[in-house]
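Here's a quick briefing to keep beside the viewer while you click around.

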Amino acid sequence: MNQDFLSPINTQTWSNGRHPVRCVRVIQETWDVRTFCFSAESPLLFFFKPGQFVTLELEIDEQTVMRSYTIASSPSVPYSFSITVKRVPGGVVSNWLHDNLKEGDALAVHGPVGNFNCIDFPNDKVLLLSGGVGITPVMSMLRWWFDTNAEVDIQFVHSARTPKDLVFYRELQHMDSRLNNIHLSLICERTDIGETWSGYRGFLNSAMLSLIAPDFMTREIFCCGPAPYMKAVRNLLQQAGFDMDRYHEESFGATPVEVIEDVELLAQKASDLAEQLERTEDRLSVSFLESDLQASILPGETLHSAAAQVGLHIPKACGMGICGTCKVKVTKGTVTMEHNGGITDEDIEEGYVLSCCSVPSGNVEIAF
């Protein structure tokens, strides 16, 4: 890296959008978890809020695939950023990254975005709860507070299946040993034959949490992990009478079973309603100007479904208005958008919307 790269005059700051990056390092964290480090082709400071995520734009089997991953690194190390990925049986993207992405490879990323972060919810006493590879966003927060010598009392509680599955184990021990405001507690569900473990065993429960952090009721809580883990944590806190306004969790990932059931029920109701509406003249027109195509949709359908109806593919990753990948510009007409932080106020003022969560209020025209 030459001095021109580090020159403040030549250096730009990261902002939500599409950015070309290059993989500069691959680190084997555990037997099935790897960290991929990226830097920009031209000088770029990767400033973001610890806990936010990016969406990778990948070419897999001649198809463009988008997938969102939390940033595991801290903005206190600004000339690069990293994601930490667990190999998942049957996981198309995670397995492709493990098997194919190597140092020197170029790709594009979108972001950073996300409401789950420690900047928007400041507190001088926090409890970080994570399970498995869900450690990544809270690790970004911990690294940020560690690097900036923040006056924050941190209880860090991480759960893993076995000792060999503990991600960032040595780094966590290092930070715990260096600062007296960081308190580390590790929980392993079980140990395999030949493994030794002197930490907590089993699953996080109310008795264990009270032992680890007796004052957890007074802390700001950040939680990330598999859906069953986060559900168990929510139930634990609600039963304890915790103020859930001070509970924050990563909001993209596997869809909980109860949500799927609700969606199936709503889908059936929507299907019944659609049959009624098909017999009316209430259909709306969505014109895609650049593609010279027009879709006719029912009230309540999104712009994204309208595009799919006429064979257009608007890239998307989360489908919940978080990642910002599916942004398009409305040039005529109005839509109702219910997003989750994936678009800026400036973009909205310029007419941009997220197609996955935008429903036309009437006939509209889209620059796509």
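H98 touches D32, V33, R34, F36, V85, K86 and R87, leaving aside residues up to four places away in sequence; contact here means heavy atoms within 4.5 Å. H98 sits in helix 2 (residues 92-100) and, at 5% relative accessibility, counts as buried. Buried means under 20% relative accessible area, exposed over 50%, and partly exposed in between (1.4 Å probe, protein chains only).

This is a predicted model, where local features need pLDDT of at least 70 and side-chain atom pairs count only at pLDDT 80 or more, while totals for chains, interfaces and linings use all residues. Numbering starts from 1 along each chain as its sequence is written, and side-chain values use heavy atoms, with hydrogens and water left out.

**The whole chain**
- The protein chain has nine helices and 21 strands; helices (H or I, at least four residues) and strands (E, at least two) are DSSP runs, numbered from the N terminus.
- Of the 368 residues in the protein chain, 46% are buried.
- Take the contacts in the chain with a separation of 6 or more: 68% of them come from residues 24 or more positions apart.

- Five strands make an open sheet with mixed pairing, in the order 16-15-21-17-19; two strands pair if DSSP finds at least two bridges between them.
- At the edges you'll find strand 16 (293-297) and strand 19 (352-354), each pairing on one side only.
- Neighbouring strands in this sheet are turned by 35 degrees against each other on average, direction ignored.
- Strand 17 (residues 327-332) and strand 19 run antiparallel and are joined by three bridges; K327 has L354 in strand 19 as its bridge partner.

**Helix 3 against helix 4**
- Helix 3 (residues 135-147) packs on helix 4 (residues 169-178) at an angle of about 35 degrees, with the axes 12 Å apart. Axes are lines fitted to C-alpha atoms, for helices over the stretch in contact, and angles run from 0 to 180 degrees between N-to-C directions.
- The crossing of helix 3 and helix 4 is left-handed, which is the term if the near helix is turned anticlockwise from the far one by less than a right angle.
- On the helix 3 side, I135, M139, L142, R143 and F146 meet E171, L172, H174, M175 and R178 of helix 4.
- By class, that contact has six nonpolar, one polar and three charged residues. Ala, Val, Leu, Ile, Met, Phe, Trp, Tyr, Cys and Pro count as nonpolar, Asp, Glu, Lys and Arg as charged, and the others, Gly among them, as polar.

**Cysteines**
- Searching the whole structure turns up zero disulfides, a disulfide being a pair of cysteine sulfur atoms within 2.5 Å.
- C223 is in no disulfide, and its nearest cysteine sulfur, that of C224, is 7.1 Å away.
- C223 counts as buried at 0% relative accessibility, and C224 counts as buried at 7%.

- Most residues other than glycine have a negative phi, and most peptide bonds are trans.
- G111 and P112 are joined by a cis peptide bond, with omega at about 5 degrees; P112 is in strand 8 (residues 106-113).
- E62 isn't a glycine, yet has a positive phi of about 65 degrees. E62 lies in the loop between strand 5 (53-60) and strand 6 (63-70) and is exposed, at 73% relative accessible area.
- D292 isn't a glycine either, and its phi is positive at about 55 degrees. D292 is in the loop between strand 15 (284-288) and strand 16 and is exposed, with a relative accessible area of 70%.
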